[in-house]
Amino acid sequence: MDAVVKSLVERSEPQRDISAREARPTREEAEAAVRVLLRWAGDDPNREGLVDTPARVVKAYGELFSGYGEDATEVLSRVFEEVHGYDDLILVRDIEFSSHCEHHMVPFIGVAHIAYYPSEEGVVGLSKLARLVDVFARRLQTQEALTAQIVGAIDLHLRPRGCAVMIEAEHMCMSMRGVRKHGAQTITTQFTGVFRDDPAEQVRFLTLLRRGK
């Protein structure tokens, strides 16, 4: 199981070697590819409503997939050691995100819940956990890999006594196409440390998530 999780954590890390950067298409090549897709779909990329679409799509992709240019290490680099003796669970729930399925390149949208028990390393600013979700969500993804990557980054950089992540999402590749089941939710979880070893901690995590809902 650890090997599977390690694979999910590593598989979507952006390539940073020189050959990969040199091989990246230019903006003009990307826009040309969009025009090809418009023609393949059966439309005319030269008509008034579509003339600027290739440029808009490429610009939008720069934002939607900006996670490839971001690094979880930088997001979690600043840790606060002065927590006045606090060593209990920290939970940030309902972190909204949108990502894109790597199989069909259509969105899946949902919320992430993150909990961890701080170690002597300290705690991270709460907003950093939300930013961490976006670092991995703004890439081509599967929900399983996204869950594992969030946990892996927290374990690596914060070294908590335990980490728990749950993601709930609706996949457009399932609701807009294929079986077309609108509203179906996919839930994934990943536990490490005390959450993995003690079922009572998992129950506590789930109870806190549902409280007030």
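These are my notebook entries on a predicted model.

**Entry 1: the whole chain**

I began with the secondary structure. I counted ten helices and seven strands in the chain. Next I looked up burial. Of the 213 residues in the chain, 38% are buried. The accessible surface came out at about 12800 Å². Carbon and sulfur atoms own 52% of that surface. I then checked contact range. Taking contacts between residues at least 6 apart in sequence, I found that 70% join residues at least 24 apart.

**Entry 2: the annotated site**

I went to the UniProt record for annotations. Its entry, which is unreviewed, puts a "binding site" at Cys101, His104 and Cys173.

I took histidine 104 next. I found histidine 104 in the loop that links β2 (90–101) and β3 (107–117). Its relative accessibility is 38%. I listed its contacts, leaving out neighbours within four places in sequence. Cys173 and Arg177 remain in contact with histidine 104.

Then I turned to cysteine 173. Helix α8 (residues 172–175) holds this residue. Cysteine 173 has a relative accessible area of 15%, so I logged it as buried. With neighbours within four places set aside, I found cysteine 173 in contact with Cys101, His104, Val106, Pro107 and Gly178. Both other annotated residues, Cys101 and His104, are on that contact list.

I read a relative accessible area of 7% for cysteine 101, which means buried.

How many disulfides does a search of the whole structure find? The search finds zero. I checked cysteine 101 by itself. The nearest cysteine sulfur belongs to cysteine 173 and is 4.1 Å away. Cysteine 101 is in no disulfide, because the pair would have to be within 2.5 Å. I also looked up cysteine 163. Cysteine 163 is buried, at a relative accessible area of 0%.

**Entry 3: serine 175**

I stayed on helix α8, where serine 175 also sits. Is serine 175 buried or exposed? Serine 175 is buried, with 2% relative accessible area. I skipped residues up to four places away and listed what serine 175 touches. The list reads Glu170, Arg180, Lys181 and His182.

**Entry 4: a nonpolar patch**

I searched the surface for nonpolar patches. Tyr61, Leu64 and Met105 form one. Together these residues carry about 250 Å² of accessible area. I placed tyrosine 61 in helix α4 (residues 53–64). Tyrosine 61 counts as partly exposed, at a relative accessible area of 38%.

**Entry 5: asparagine 46**

I looked up asparagine 46 in the loop between α3 (27–41) and α4. Its relative accessibility is 62%. Asparagine 46 is therefore exposed, as the class needs over 50%. I took its C-alpha distance to arginine 35 and got 8.8 Å. Asparagine 46 and arginine 35 are eleven residues apart in sequence.

**Entry 6: salt bridges**

Side chains of opposite charge can pair when their charged atoms come close. I searched the whole structure for salt bridges and found seven. I wrote out some of them.

- Arginine 56 pairs with aspartate 52, and the closest N and O atoms are 3.9 Å apart. I read 43% relative accessibility for aspartate 52, which is partly exposed.
- Aspartate 134 pairs with arginine 138, at 3.6 Å between the closest N and O atoms. Aspartate 134 is partly exposed, with a relative accessible area of 21%. Arginine 138 is also partly exposed, at 32%.
- Arginine 196 pairs with aspartate 197, with 3.3 Å between the closest N and O atoms. I logged arginine 196 as partly exposed, at 48% relative accessibility. Aspartate 197 counts as exposed, at 57%.

Methods
Residues numbered from 1 in each chain as written. Predicted model: local features only at pLDDT ≥ 70, side-chain atom pairs only at ≥ 80, totals over all residues. Heavy atoms only, no water. UniProt positions renumbered as here; feature names shortened; annotations may be inferred. Helix = DSSP H or I, 4+ residues; strand = E, 2+ residues; numbered from the N terminus. Buried < 20%, exposed > 50% of the residue type's maximum accessible area, 1.4 Å probe, protein only. Contact = heavy atoms within 4.5 Å. Patch = residues over 30% accessible without salt bridge, like charges linked within 9 Å, V, L, I, M, F, W, Y side chains within 5 Å. Areas by Shrake-Rupley, 256 points an atom, 1.4 Å probe, with all protein chains shown as cover. Salt bridge = Lys/Arg side-chain N within 4 Å of Asp/Glu carboxyl O.
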